[in-house]
Amino acid sequence: MTLKHTLLTLASSPYLERALAPFAPRAVILMYHRVLPNDTPPPDALDRGLGVTQERFEQHLSLIAARHRFLALDDLPRHLQSKEPMGVVITFDDGYRDTLELALPVLEKYRAPATVFVSTRYPDGDCRVWWLELVELLRELPRLQFRWQDRDLAFELRNEAERREAFTVLRDLMLGGLSPEQQEKLMDMLRQGRPPRRYDELFMTWEMLRELAGHPGIAIGAHTMGHVNLAALDPDRARDEIMGARERLEQMLQCQIRHMAYPYGSAREAGPREYALARDFATAVTTRSGVVRANAPLHALARLGASQKDDAARLAFKLGGLFPILAGLRRRMAK
């Protein structure tokens, strides 16, 4: 057993957890994207940690059921003002098909509510996903060279380290204030004459979403129409993206849409302007890492990403009272 694993085990012990209960957050919102078959190969250097196997997902829910309590996002505003024990909220982003096929049976087994944030372009049939396509291009091409906005860029793609470095640079370019049209122009340059790739088989159709929304405990939330970087849009277009997704979801699913998630969702892509645009929702969640305190702003809620790396000890540590204390110290030391 490594020192790191030993420390995680000690820090996540139920005895220490009880001792730190007074310092525990009011809630933790876990962020998932995909739940994958158990025989999925281990992630490589380009994998963004967006998937957990069904076995790992069940391990997570089993631990939460044993030590904590599940909390629906609908109940979070009331819960923050109560004296009830810490609650754990389960969320999924984007609307992947495996949420219905692999995550739902585990959610129902543990009677765990969940909110699924959907970008409406996917069930509407536009299943281009630039980050998935970028990963595939970097795995296929031996080298990449192009000119973008008066910059000459060149990447050797001979190994995983070089591909990972290229992905980081190109991802930052894509999210560096580019409009959706500019993003598509950049992707066209990277494709080098290849047609855009589609990922229809990965996303739920409207029929599947209706089936999912009909299950008790499942809420559907908005994730903009086009999974766009809202900060790169003018205010009117950003609001149209937010409210257009809500209207489309309510039209197609015949249910009230009370919550939203900002695409990408870091401080660079979602700030005070975006929080104000989301004020008509009950809550809005970011991708910024953190827990939820009693005074948390309901339209800038932090989440904790859940990944395949999170075994029982690591997840217990994340959900324990010690994690936010250590995370806060780490942020202060980094300044």
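Modeller: A salt bridge here is a side-chain nitrogen of Lys or Arg within 4 Å of a carboxyl oxygen of Asp or Glu. The model is predicted. By this rule the count comes to 29 salt bridges.

Colleague: What makes Glu-58 and Lys-109 a salt bridge?

Modeller: The N to O distance between their side chains is 2.4 Å. The cut-off is 4 Å, so the pair counts as a salt bridge.

Colleague: Which helices hold Glu-58 and Lys-109?

Modeller: Glu-58 sits in helix H3 (residues 54-67), and Lys-109 in helix H5 (residues 97-109). They are 51 residues apart, so the pair links distant parts of the chain.

Colleague: Why does the pair of Glu-181 and Arg-237 tie together separate parts of the sequence?

Modeller: First, the bridge itself: their side chains meet at 2.8 Å, N to O. Glu-181 lies in helix H8 and Arg-237 in helix H10 (residues 235-253), so the pair ties together parts 56 residues apart in sequence. Glu-181 is partly exposed at 47%, and Arg-237 is partly exposed at 29%.

Colleague: Which residues are linked in a network of salt bridges?

Modeller: Arg-121, Asp-126, Arg-128, Glu-133, Glu-184, Asp-188 and Arg-191.

Colleague: Which residues in H7 meet H8?

Modeller: Leu-170, Leu-173 and Met-174. On the H8 side they meet Gln-183, Leu-186, Met-187 and Leu-190. By class, this contact has six nonpolar residues, one polar and no charged ones.

Colleague: What makes strand S12 largely enclosed by the rest of the structure?

Modeller: S12 spans residues 301-305. Four of its five residues are buried, so the rest of the structure largely encloses the strand.

Colleague: How do you know that S1 and S12 pair?

Modeller: Pairing needs at least two bridges. Strand S1 (residues 27-32) and S12 have two bridges, in the parallel sense, so they pair. Met-31 stands opposite Gly-305 in S12. Strand S11 (residues 283-289) is also joined to S12 by two bridges, and these strands run parallel. There, Ser-289 has Arg-303 of S12 as its bridge partner.

Colleague: Why does Leu-277 count as buried?

Modeller: Leu-277 lies in helix H11 (residues 272-277). Its relative accessibility is 11%, under the 20% limit, so Leu-277 counts as buried.

Colleague: Which residues does Leu-277 touch?

Modeller: Pro-235, Ala-238, Arg-239 and Ile-242, leaving aside residues up to four places away in sequence. Ala-238 is 39 residues from Leu-277 in sequence, yet their C-alpha atoms are 7.9 Å apart in space.

Note on methods:
Residues are numbered from 1 along each chain as its sequence is written. This is a predicted model: local features need pLDDT of at least 70, side-chain atom pairs count only at pLDDT 80 or more; totals for chains, interfaces and linings use all residues. Side-chain values use heavy atoms; hydrogens and water are left out. Contact means heavy atoms within 4.5 Å. Ala, Val, Leu, Ile, Met, Phe, Trp, Tyr, Cys and Pro count as nonpolar, Asp, Glu, Lys and Arg as charged, and the others, Gly among them, as polar. Buried means under 20% relative accessible area, exposed over 50%, partly exposed in between (1.4 Å probe, protein chains only).
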